[in-house]
Amino acid sequence: MVQAGGSAVAVPGYSVPSFALWNGDALPDLIVGEGGSGFAGKVRVYLNDGPAGAPLFSSFSYVQSQGADLVCSAGGCLGCFPRVAYWDGDALKDLLVGHADGTVKVFRNVGSDEAPTFDGGTLLEVGPAGAKVPINVGYRATPSVADWNNDGRKDLVSGGLDAKIHVFINEGTDAAPDFLSEMLLSDGGSDLLVPGDRSSPVILDLNGDGKKDLLSGNTDGQLLLYGNTGTDAAPSFSAYVFVEADGTPIDLADWPRSRPSVCDWTGDGYLDVLIGAGDGNVHLFQGLPEPATLALLAVGGLGVLARRRRRQSVL
C-alpha cells in the first residue's frame, strides 16, 4: 500500500486515488477522494517530495473551493470521485468529480496551474439545446475523460452502481464540451454489465495493440479487463478477464468497491495501477516489462506478482 510519512495512506470512508501533476514541479502527486460510510466527501492532495521515479509523500492538504475545503454530498460507499482534467481550454487544471447521487461536477480552476483553487462547481449536463438536464448515472458516478471516437475532443465515460458503462460523446469543442445524448456500452445486443455492479472504468490501451481497452473495478474489489474487439475510434467490448495476483484474481477483502486509476508510478514507461477501496488505503500495482500484457507487481499489502492471462477470445 502507498505510504505517507511512514504509514499507509488511510482516508476516512472509501479512497479514490489518482496520480497527476498538481503543483508544477514536474513530479506527479497523489490525489485521493475520500468519504462515504458516514464521512464527508473531500479531496486530498499528497505532494510528491521524492526524487523522480521514486514517489515520496509526507503530509496532505485538502483541495479548496471558494476559500474552504471542497466538499461533496457523500452517500453510501462514495464521497468524492476526483479526476484532474484540463476541461475548458484555459491551460489551468480543473477537477472533475463524481458524486454519490450519480451526478458529475466540474470544478474550474480560478487560481493558477501551479497552485490550483476552484470555484463552487458546475453540474455537467446532457441533452439538446434548451432541454439539457444534469448528467445522472443513477448512483455512484465514477467519471473519466477519454477521446472515445478519436475526433480530438474530450468525451466523458462513467460507471455507476448499475454496473453499466455510460458514454457521453462531446458534440461541442474540446475547450467547450457539449453532450447531446448518452450511450450505454453493449455486449451482444444488451447492455454491458460489469459483474458485481459498481462499475469504475478506465479507458486506455492496456494490452499494447493500439486500441483503447476497458479496465473496471467492481463491488467485490476485483479488476476486470475488457479487450477492445472493435477499432480505436469505435471501441467494442464483450468478454473480460480478471487481472490476477500470482495466479489468483485480485480480490480485495470484503466488498471494498475497487476504484482503479492507471498511471506510470515510477516513470519507467510501464503502466501501473492504483486501486482505492473501502479500507481507505491506496493499493499500488506496478507494471512489469512484459510485452503486450498487463503485468503488475503488488506493493504493500499483497506483495505478490500479478499477471493477466491471455485469452484468445478477448485478444
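Tutor: Before we look at neighbours, we need one term: contact means heavy atoms within 4.5 Å. Please keep in mind that this is a predicted model, and let us take aspartate 94 as the part to examine, a residue found in strand β10, which covers residues 94-99. Leaving aside residues up to four places away in sequence, aspartate 94 touches Arg83, Val84, Ala85, Tyr86, Trp87, Asp88, Val106, Phe107, Arg108, Asn109 and Phe118. Aspartate 94 is buried and yet has no salt bridge. A salt bridge requires a side-chain nitrogen of Lys or Arg within 4 Å of a carboxyl oxygen of Asp or Glu, whereas the nearest side chain of opposite charge, that of arginine 108, is 5.8 Å away from aspartate 94. The side chain of aspartate 94 does, however, reach the backbone nitrogen of tryptophan 87, at 3.0 Å, and tryptophan 87 is also among the residues that aspartate 94 touches.

Most residues other than glycine have a negative phi, but asparagine 150 has a positive phi, near 60°, and arginine 257, which is not a glycine either, has a positive phi of about 60°. Asparagine 150 lies in the loop between β15 (142-146) and β16 (155-159), while arginine 257 is found in the loop between β26 (248-249) and β27 (259-263). With a relative accessibility of 39%, asparagine 150 counts as partly exposed, whereas arginine 257, with a relative accessible area of 13%, is buried.

Note on methods: Residues are numbered from 1 along each chain as its sequence is written. This is a predicted model: local features need pLDDT of at least 70, side-chain atom pairs count only at pLDDT 80 or more; totals for chains, interfaces and linings use all residues. Side-chain values use heavy atoms; hydrogens and water are left out. Helices (H or I, at least four residues) and strands (E, at least two) are DSSP runs, numbered from the N terminus. Buried means under 20% relative accessible area, exposed over 50%, partly exposed in between (1.4 Å probe, protein chains only). Lys and Arg count as positive and Asp and Glu as negative; His and the chain ends are not counted. A polar contact is a pair of N or O atoms within 3.5 Å; within protein, one must be able to donate a hydrogen and the other to accept it, and residues adjacent in sequence count only if both atoms are side-chain atoms.
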